[in-house]
Amino acid sequence: MKTKDVVIGITTAILLLVIAIAIILGGTGWTPLTEIRLLAKFYLENCFNLFDKNYWAASPEAVSAMLWDYRGIDTYYETAVFFLAVISGVALFRIAEVKVGAISSMRRELGLSIIVKTVTRIAFPLIITVSASVALHGHLTPGGGFQSGSMMAVAFLTAIAAFSRYFIEENLKLTKDNFLTLRSVGLITIAILALAPILAGSIALMQNQAKPWSSTPSFPEALGILWTAGSIFYYNLAEFLTVGAGFTLLFLLISIPEEEFRRILRL
Amino acid sequence: MTWTNYIAGLAALQPFLAIFAAFALPLISLLAKRRQIWECFTLTILLINFALSLIVFYYMYNFSCKPLLYAFGSWPPPIGIVYTIDRGASLIGLLINGLVLTAMIFSIRYMEHEGGTQWYYTLMLGFEAGMLGCVYTGDIFNLFVMLEVMSISAYGLVAFRRETHEAVEAAIKYAIVGSVATTIYFIAVIFAYGSFGTLNMADLALKLKDSTLPITGPPIGDILIGSTVFLTLAFWALSLKAAIAPNHFWLPDAHPAAPSPISALLSGIMVKVAIFALMRYMLTIFKGTIPTFPVVELLNYTLITMGVLSTILGSTLMLVQRDIKRLIAYGTILNIGYIAMGVGLANLSGLVASLFHIVNHAIGKALLFMAAGAYIHVTGSRDLDELTGVGRRMPFTTAAYLVGALALAGAPPLSCFMSKLLLFKAYLESGWLAPLVVVIVLTSVFALMGYLKVFYHVYAKQPTRDISSVKEAPTLMVVPLLVLASLCIVLGIAAPIIVDNVIVPGALSLLNTQDYVLAAQEAAKLIMEGG
């Protein structure tokens with residue numbers, strides 16, 4: 001073992017010890033906390049308070065209300081973090097107009113056994129359906145855009161593992177650019193939703209429901225009989241597309257065989 | 001409607017717009033495959049942002065002596081996230097926008113032979129948004145998010161030249177170190193929220209004085225321990241982002257590996273954003289508020305020690321570099337040391353010196369990196385020995401480089417001379433820390449030697465190879481250089497006016513905890529009145 005490793009190990013241990021002691025001494029509030037923090041209580045009491053709509057977010061799901069309404073701009077920028085991370089990946093793997101998939105002759109033999117393939121064929125649409133339901137119910141039940149998007153990407157990941165990436169590109173006819181487009185559409189939707197109050201003539205970015213102290217009108221709480229919690233439903237839907245397509249894009253990129261990537265880099 | 005302000009809204013719109021544009025650019029690049037369109041689009045957005053920041057800056061310095069508050073989603077603090085714009089923030093915001101704009105114009109020709117520039121510009125827009133958000137925000141968790149936006153784009157940009165293995169290696173190193181720092185900052189935020197029960201910066205400052213904004217109530221945990229751990233961890237994380245020694249080790253690899261305009265932004269402004277966040281915590285929020293345990297004072301002395309260490313390390317290591325960009329990157333460590341020394345004094349004169357040096361160094365360092373970029377663009381080499389004599393065939397670039405080098409080394413009457421003089425004065429007045437002025441003088445001499453070494457190689461020395469094909473850099477690269485060079489001169493000559501009218505009010509606004517808190521309190525009154 002090198003001295004450097006020992007130093008890093010000891011430093012980490014000291015850091016963890018200090019943090020642990022600080023927590024025991026009440027640095028993060030007394031543990032166990034007997035009451036909910038007042039700010040959390042405020043969110044819980046107000047996110048779907050039908051009797052006092054001054055502070056409400058029209059969403060029975062408190063977490064979604066916090067994510068897309070009370071602290072909405074954080075989520076907007078967190079989406080940007082994920083977006084930029086994927087873009088960094090795309091920039092690293094940029095391949096100028098060269099078709100991937102030259103070894104097409106052996107494509108039939110790619111992938112796992114017929115049992116796995118069949119199971120994946122069955123599971124694939126089911127995973128997509130579940131992920132969509134999580135997204136569509138994000139403002140009502142636990143879930144939301146990021147979770148459902150990750151689930152959707154898992155469906156594509158299983159397909160990549162079971163069939164190889166060429167299956168997605170050629171049988172499903174979904175290329176890297178398709179996912180990029182899908183993702184951009186989701187992202188731009190989020191940005192436009194956030195800008196909507198500005199377009200309505202106020203300065204409140206990302207405002208959802210009307211406030212007594214703000215002249216901006218509310219997002220409609222429901223679309224016909226469909227409760228949308230103002231803008232939260234749309235945000236979740238757009239985030240679902242964004243995250244799902246973003247992750248799938250990354251999976252597609254990292255499943256380019258290294259040899260092939262090197263060959264293209266050398267061209 | 002006075003509580004959430006239109007002018008502050010214009011500040012909030014800048015990072016929002018940059019991210020919106022970043023979202024849209026990949027789609028635009030799929031629809032229109034011409035790089036000119038992507039460049040025009042990016043340029044337009046950056047110009048709009050620059051104009052917005054100019055308006056905010058002008059308004060803050062002429063019409064508003066108090067910080068302005070902008071509430072996202074119309075949620076008053078502490079329910080939602082607010083941006084609090086004071087004069088200091090508007091100044092740094094203007095600096096960020098100006099430099100990113102300059103770097104972008106420089107990039108048009110610099111990146112002309114590279115593929116995938118749509119990703120480059122996307123990341124650049126994200127980078128700008130992250131930096132602006134860090135400066136404007138009034139929320140400790142939002143600062144974490146914006147640090148991430150800034151850092152993630154920076155990692156991607158450092159790795160952009162993925163065909164050179166140094167770039168990828170430096171980016172991986174940088175990403176690991178940077179993620180550790182942001183994670184540590186996140187743990188710090190947990191402590192702050194855990195003990196104080198709020199994420200709003202003004203609310204933190206109030207709770208330290210036994211007061212509070214509505215809703216959040218009194219502190220939940222032990223705020224002494226909570227704020228000590230928070231400050232220490234945040235200090236560590238931000239000093240790592242700011243590359244103050246001994247946390248500077250990642251910088252000499254990461255900054256030179258990026259394309260030159262990005263090096264200019266990383267060295268010129270990104271490290272300062274971290275220092276600015278540190279200023280916000282140590283001078284605005286937590287200043288002199290925990291009488292029983294002098295954590296802020298201890299951290300101030302730590303900052304001075306680290307600053308001194310940075311200046312010594314940076315200046316001596318500069319002298320032995322052979323790679324032009326690496327040499328300039330060590331200069332950043334040196335100058336960040338000066339800025340840290342000024343902040344560590346925690347008084348007005350130290351802060352004025354630091355703030356002025358932030359501005360001067362940002363412009364000077366951006367100039368040097370871009371000039372180095374021009375040499376590299378023309379000759380294709382970063383090695384000083386291979387650059388010998390090319391300066392004679394590139395008179396404008398070399399003239400700009402010389403101005404920047406002399407300015408950074410502290411030659412009168414150029415810009416950094418004035419800020420170093422202010423730092424010198426601040427230390428002379430500081431009592432027992434006065435001997436540290438020796439460090440300032442000595443390291444400046446080293447810096448001069450280091451920067452002139454480059455000048456000697458590219459201009460004075462006889463060329464070792466045939467340079468007859470070397471031509472002056474393209475106009476689009478020379479113009480930004482000349483603009484920055486003239487700024488170096490103007491900031492030096494007009495220093496007394498600028499210090500009195502811009503820097504001192506900016507520093508005063510950063511030190512004014514009372515007005516900062518008042519802005520949040522006024523907005524929070526809405527909750528008490530129920531609208």
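How many salt bridges does the rule find across the interface of chain B and chain A? The rule finds one, a salt bridge being a side-chain nitrogen of Lys or Arg within 4 Å of a carboxyl oxygen of Asp or Glu. A:Arg71 pairs with B:Asp139, and their closest N and O atoms are 2.7 Å apart.

This is a predicted model, in which local features need pLDDT of at least 70 and side-chain atom pairs count only at pLDDT 80 or more, while totals for chains, interfaces and linings use all residues. Residues are numbered from 1 along each chain as its sequence is written, chains are lettered from A in the order in which they are written, and side-chain values use heavy atoms, with hydrogens and water left out.

The contact (heavy atoms within 4.5 Å) takes 74 residues from chain B and 62 residues from chain A. About 6000 Å² is buried between the two chains, 73% of it from carbon and sulfur atoms; buried area is the accessible area (1.4 Å probe) that two parts lose on being put together, summed over both. In chain B, the residues losing the most area to chain A are B:Phe23, B:Trp75 and B:Arg162, together 14% of what that side buries.

The side of chain B that touches chain A divides into 47 nonpolar residues, 21 polar and six charged. Here Ala, Val, Leu, Ile, Met, Phe, Trp, Tyr, Cys and Pro count as nonpolar, Asp, Glu, Lys and Arg as charged, and the others, Gly among them, as polar.
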